[in-house]
Amino acid sequence: MTGISRLGLAAASVLTLAAVAGAQDSSRPRDTDPLSRLDQQSRYAVEMLLDSARLAGLPTNPLESKALEGVSKRASGRLIVMRVRETYRTLKEARTALGSTATQDELAAGAGALRVGITQAELSQLARTRKDKQLTVPLVVLSDLVTRGVPRDTASSTIFQLWQRGAADDDFLGLWRGVERDIVSGTDPGVALLNRAREVPSRGPPAAAPASGRPPETSERP
Amino acid sequence: MNRPKLPATAAFAVTLALLLPEQRAEAQNASELETRLEAGGALVSHAATALGALAVAPSIRYATRRFAVKASGSAWRLDDSWSLRDAGGAVEVYSPLVYGLRAEMLASANRTAFDAALQSDQVDAGGRIHYMHQRLGVWLGSGVSRPLRVAAVSNVNISSGGVWSRFGATTVKGTVTSFFFTKVVDTLNNGTTNGATSVPVCAADRPAAVPVDFSASNVSHSLGSASSACRRESRVTDFEGSVHWQHRLVEVTVAGGQRFGDRLDVTADSRQWASARTAIWLTNQLAAVAAGGSEPAQPTRGLPARKYGALGLMLAYWPIPRGTVPVATPASLVKSFELRPAGIALQRITARIGGVETVEIMGDFTDWAPIPLVRRGRDLWELLVPMSTGVHQINMRIDGGDWIAPPGVPAIRDGFNGEVGVLVIRP
């Protein structure tokens, strides 16, 4: 082999190694230890909360995700720990409210609803009437509506009534889109929700009324 | 004796094959490639000459966070033959951004031809310090240009400063550029000359020559009589401003300027200038373009002021995303944001956002690491992301601004003074 060929092969090997290392780096955004992005004290606190979640049989992904979200949004370590602790608490409360059969997605959505002010009793009402349907979408929509300024009681009772009437996921998402449009065009959020809720068709017999808990507010039907 | 070529060839092929994915990944992360081709009718007039022709102007630009390379040109069809009008290339190198500050080195070379008699070549080099923060940028720079075959006999020292700001879909820019150079003035023959530095410096009490007229008949490319020629130091300062506005399918740029300097250096038709350009996007890659206005003379290059008008089509293509300019952009610029299944555990995110440089997303499905969307058209951005069924949280960021919940998806407060979108991916 000539000197030039050897040089070419050596260069190719170096480039190949560099390329492989680079490709591995770029094709995998996930860190092997994502929590390493936290400062040591915060990391310790977050890991304690993760351990607690494991012991309680709660999903740890939402906690880890909240910590990483805080890091990416350049929040302070103290605030990150506070938010992770809040997520842990709401997950725990959501499981109590939704029951042990709640899926991980329902727990995450329920925790989100609790964080915007929905009560455990209101979550329980929804859970008791769910039969075999997933509560994820109604809870996500409920949380969004409260975030957008719909009064909590109005949002909670309206979603509950639609749920009782057998509204499907697409109904809830359609409702949400309509309310969003109305709010953007200047309608009061609560009024927008009540107006749009009237447009959602009834899809079946109402589910059984909850045996206990706060009765939902009534809203007019067309 | 036959050389064994196979190992080297194979090594090269393997290297190339392994490098390609990395290049593509790198390109998706921080690079942009932009190609444009404009074609149409153009009308240009300078001095007593007016010229109309079919014009074609291609350009290509490749940029990363560290450098940018650009090449452009134009050719005109006159008398059944094509002739080159402009051609140039430029390289820009950037330092990392530290506390909003970035050092930038610029170099370029170009040729401009107004007609067969009025041609100019020039090489430029310079540097500047650029401060960028959200919607605002300020820079100060200095450089040197070397015009060839024209009036100036020295290098042209250039000092410049500028400021830009973005208000929603409108970008406003203002610059001040000062040129300092030496040229030979032929006071008797009423023109400028190119050549020997042995020509004496103009005496302070020498009768002032009339302002330089750069029309072809008056520009002499030979040294005038020794008794009438002298070297004169000149300084001109340009104040320029521009406003670029984009709304839906329409882009409008209006620019204007004022030149200050001795009347020997600044002709009357170069005191003020203005231009406007409108592009109406017919598709993501095709636009109808109309432009017109005036340009000042370029005294260092011996090129006169001119007026121009053009009407044509522009074909533009961005095969990979554009670079980063940290500008906060309101969510209202996002015309649409959609998520569609694209295979098992894959989602295709498409967003329509016009007039921005970068669009990024992050969420629990990226471990909250930002990933840039790929530009697929003028305002179309796309990304394929692995996302399992279930509830996911997502944020998007435009031009390095604040993280926002994408429009069109439910959102909740994120606990970090913002909002996060909530996606429900159903089986």
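Me: How many helices and how many strands does chain A have in this predicted model?
Reply: Read the elements of chain A from the N terminus on. They run α-α-α-α-α-α-α-α-α-α. The model is a predicted one. The count for chain A is 10 helices and zero strands.

Me: What share of the contacts in chain A with a separation of 6 or more comes from residues 24 or more positions apart?
Reply: Start from the contacts in chain A with a separation of 6 or more. Then keep those between residues 24 or more positions apart. They account for 68%.

Me: Is helix α7(A) roughly parallel or roughly antiparallel to α8(A)?
Reply: Helix α7 (residues 136-147) of chain A packs on helix α8 (residues 152-164) of chain A with the axes 9 Å apart. The angle is about 155°. Angles over 145 degrees count as roughly antiparallel. Therefore α7(A) and α8(A) are roughly antiparallel.

Me: Which class of residue has eight members in the contact of α7(A) with α8(A)?
Reply: From α7(A) come A:Pro138, A:Val141, A:Leu142, A:Leu145 and A:Val146. From α8(A) come A:Arg152, A:Ala155, A:Ser156, A:Ile159 and A:Trp163. One residue is polar and one is charged. The class with eight is nonpolar.

Me: Which word describes the packing of α9(A) and α10(A), oblique or antiparallel?
Reply: Helix α9 (residues 169-184) of chain A and helix α10 (residues 189-198) of chain A have axes 9 Å apart. Their angle is about 140°. Roughly antiparallel needs an angle over 145 degrees. So α9(A) and α10(A) are oblique.

Me: How many charged residues are in the contact of α9(A) with α10(A)?
Reply: α9(A) brings A:Leu175, A:Gly178, A:Val179, A:Asp182 and A:Ile183. α10(A) brings A:Pro189, A:Ala192, A:Leu193, A:Arg196 and A:Ala197. Seven residues are nonpolar and one is polar. The charged ones number two.

Me: Is A:Glu199 buried or exposed?
Reply: A:Glu199 lies in the segment after α10 of chain A. Within 10 Å there are 11 other C-beta atoms. The limit for this class is 12 or fewer. So A:Glu199 is exposed.

Me: Is B:Thr112 buried or partly exposed?
Reply: B:Thr112 sits in strand β5 (residues 101-113) of chain B. Leaving out residues up to four places away in sequence, B:Thr112 touches B:Asp86, B:Ser120 and B:Leu303. There are 17 other C-beta atoms within 10 Å, so B:Thr112 is partly exposed.

Me: Which element of chain B has the lowest mean pLDDT?
Reply: Chain B averages a pLDDT of 77, and 76% of the residues score at least 70. Strand β18 (residues 359-363) of chain B has the highest mean, 92. At the other end, with a mean of 41, is helix α1 (residues 6-30) of chain B.

Me: How many contacts beyond four places in sequence does the model have for residues 190-197 of chain B?
Reply: Over residues 190-197 of chain B, pLDDT stays under 50. Where pLDDT is low, the predicted coordinates should not be read in detail. With that caution, the model's count for residues 190-197 of chain B is 34.

Terms used:
Residues are numbered from 1 along each chain as its sequence is written. Chains are lettered from A and ligands numbered from 1 in the order in which they are written. This is a predicted model: local features need pLDDT of at least 70, side-chain atom pairs count only at pLDDT 80 or more; totals for chains, interfaces and linings use all residues. pLDDT is the predictor's confidence in each residue, from 0 to 100. Helices (H or I, at least four residues) and strands (E, at least two) are DSSP runs, numbered from the N terminus. Two residues are in contact if their C-beta atoms, placed from the backbone, lie within 7 Å. Axes are lines fitted to C-alpha atoms, for helices over the stretch in contact, and angles run from 0 to 180 degrees between N-to-C directions. Angles under 35 degrees count as roughly parallel, over 145 as roughly antiparallel, 65 to 115 as roughly perpendicular and the rest as oblique. Ala, Val, Leu, Ile, Met, Phe, Trp, Tyr, Cys and Pro count as nonpolar, Asp, Glu, Lys and Arg as charged, and the others, Gly among them, as polar. A residue is buried if 20 or more other C-beta atoms lie within 10 Å of its own, exposed if 12 or fewer, and partly exposed in between; C-beta atoms are placed from the backbone.
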